[in-house]
Amino acid sequence: MSDSVLYELDGGLAVITINRPEAMNALDVPTKVALRDTVTAAAEDPAVRAVLLTGAGDRAFCVGQDLKEHLGLLRQAEETGEGALKTVAEHYNPLLRALAGMRKPTVAAVGGVAAGAGASLAFACDFRIVSETAGFNTAFAGIALTADSGASWTLPRLVGHARATELLMLPRTVKAAEAMELGLATKVVPAAELAATARVFAKELADGPTVAYGAIKESLAYGAAHTLSELLDKEDELQTLAGDSEDHRIAVRAFIAKEKPQYLGR
């Protein structure tokens, strides 16, 4: 694994850190490969019950594509005739499918700037714990590109179609307080408290009913693109799945006994 992506497993919580603070955690090719493979492995690992995604340092969560490297790839593409943005299919798409589609909760701890694909990564998580000094900028149109990394799917679901159009076509930095108002942030905290607050928040999710969380995520995604009648059938299917889980039986017994349930994630 590249040193530009760090991985830690702490009692069911996978902590994934983009580790290029000297480059504001910009995504060069080795980092994109490592991040894609690390997130995919966490999604598939039954020992992982929640994921916390963050960036090293306090300047940036992730500023997206490494434009210095990208300029070289553009020049190379002119010489070879190959597409300079094949990275979308090779790196960003599988990364976002794994991150947004995993059947376990995901939390982004956003300190500093989240821009371009970096903002998209945060938008794809279920929750965003944001530093008071942080900000989001879609950035794509600023370099004459369209949205990628799922932003045109996730952003309208967070802020609505009209505001997503504005933020994508007229990119600007949305600071933490406004991000909270718009629905981009789950919680805003002082910069010094970000790491600890995000870890506690994510660890509580890792200790929760993982099967039920996964079913809730699938139900919400399904309902966004299907009729009510179709959704009711899907809810029946998913409730059967959750109802058959060991955690459901644990929760009911704990409720009757007036105790806190100790979930197993299965």
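**Reading the pockets**

Guide: The largest pocket has a volume of about 790 Å³. Please bear in mind that this is a predicted model. As a general idea, rolling a probe the size of a water molecule over the atoms shows where empty space is left.

Visitor: Which residues that line the largest pocket are the closest to its centre?

Guide: The lining consists of 30 residues, and those closest to the centre are Ala100, Ala124, Asp126, Trp153 and Lys217. Two or more lining residues come from each of α3 (87–101), α4 (117–124), β7 (127–131), α5 (151–159) and α9 (210–223).

Visitor: Which element gives the most to the lining of the largest pocket?

Guide: That element is α9, with seven residues.

Visitor: What volume does the second largest pocket have?

Guide: Its volume is about 320 Å³. The second largest pocket has 20 lining residues, and Thr54, Gly55, Ala109, Leu194 and Ala195 lie nearest its centre. The elements β1 (5–10), β2 (13–18), β3 (50–55) and α8 (194–206) each give two or more residues to this lining.

Visitor: From which element does the largest share of that lining come?

Guide: The largest share comes from α8, which supplies four residues. By class, the lining of the second largest pocket has nine nonpolar, eight polar and three charged residues.

Note on methods
Residues numbered from 1 in each chain as written. Predicted model: local features only at pLDDT ≥ 70, side-chain atom pairs only at ≥ 80, totals over all residues. Heavy atoms only, no water. 1 Å grid on protein atoms, 1.4 Å probe; cavity = no way out; pocket = protein on both sides within 12 Å on 5 of 7 lines; lining within 4 Å. Points joined across faces, edges and corners; volume = space filled by probe spheres on them. Nonpolar A, V, L, I, M, F, W, Y, C, P; charged D, E, K, R; others polar.
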